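Here is a friendly walk through one protein model, meant to be read with the structure open beside you. We start with the overall fold and then turn to single residues and pairs.

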Amino acid sequence: MYAIIATGGKQYKVAEGDVIRVEKLNAEDGASVTFDNVIVLNNDKDVLTGDAVKNASVKASVVKTAKSKKVTVYKFKPKTGYHKKNGHRQIFTEVKIEAINA
């Protein structure tokens with residue numbers, strides 16, 4: 001059984017026991033979170049969408065909140081002497097999928 005959920009402006013395909021990285025959530029480590037925005041639900045027999053999944057949810061627990069690897073942003077314009085170097089580390093929350101409720 002798997003579900004496709006939406007959180008943080010992105011969509012994730014999840015199954016029970018998966019560990020995924022999502023955009024930062026306001027939850028402490030070890031806390032339980034519920035994703036109510038389920039788009040697709042596959043229960044090994046058929047695929048459910050629309051009104052059939054409006055009451056479905058995915059329960060997960062927060063593993064950790066951390067920063068990802070640094071991404072270097074380098075801007076350069078030739079012949080003008082212009083160059084600019086920046087770095088960015090995105091904050092993410094790692095969650096473990098506990099149950100998919102249909």
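Strands here are DSSP runs of E with at least two residues, and helices are runs of H or I with at least four, numbered from the N terminus. With that in hand, this predicted model reads from the N terminus as β-β-β-β-β-β-β-β-β-β. In total there are 10 strands and zero helices.

**Overall shape**

How does the radius of gyration of the protein compare with that of a compact globule of 102 residues? The protein has 19 Å, whereas such a globule would have a value near 13 Å. Along the principal axes, the C-alpha atoms fill a box of roughly 60 × 30 × 20 Å. Of the 102 residues, 26% are buried.

**Salt bridges**

Side chains of opposite charge can pair when their charged atoms come close. The model has two salt bridges, counting a Lys or Arg side-chain nitrogen within 4 Å of an Asp or Glu carboxyl oxygen. One joins the side chains of Lys10 and Glu23, at 2.8 Å from N to O. Lys10 sits in strand β2 (residues 10-15) and Glu23 in strand β3 (residues 19-23), so this pair ties together parts 13 residues apart in sequence.

The side chains of Glu94 and Arg21 also meet in a salt bridge, at 3.4 Å from N to O. This pair links distant parts of the chain, with Glu94 in strand β10 and Arg21 in strand β3, 73 residues apart.

| Residue | Relative accessible area | Class |
|---|---|---|
| Lys10 | 39% | partly exposed |
| Glu23 | 25% | partly exposed |
| Glu94 | 14% | buried |
| Arg21 | 47% | partly exposed |

Glu94 counts as buried because its 14% falls under the 20% cut-off.

**Two loop residues with positive phi**

Most residues other than glycine have a negative phi. Asp44 is not a glycine, yet it has a positive phi of about 70 degrees. Asp44 lies in the loop between β5 (38-42) and β6 (47-49), and its relative accessibility of 67% makes it exposed.

Lys79 is not a glycine either, and its phi is positive at about 70 degrees. You will find Lys79 in the loop between β8 (71-77) and β9. Is Lys79 buried or exposed? Lys79 is exposed, at 89% relative accessibility.

**A positive patch**

Which residues form the positive surface patch? They are Lys67, Lys70, Lys85 and Arg89. Arg89 belongs to the loop between β9 (82-88) and β10 (91-101), and is partly exposed at 42% relative accessibility.

Conventions:
Residues numbered from 1 in each chain as written. Predicted model: local features only at pLDDT ≥ 70, side-chain atom pairs only at ≥ 80, totals over all residues. Heavy atoms only, no water. Patch = residues over 30% accessible without salt bridge, like charges linked within 9 Å, V, L, I, M, F, W, Y side chains within 5 Å. Areas by Shrake-Rupley, 256 points an atom, 1.4 Å probe, with all protein chains shown as cover. Lys, Arg positive; Asp, Glu negative; His and termini not counted. Charge placed at Lys NZ, Arg CZ, Asp CG, Glu CD. Buried < 20%, exposed > 50% of the residue type's maximum accessible area, 1.4 Å probe, protein only. Rg over C-alpha atoms; globule rule 2.2 N^0.38 Å.
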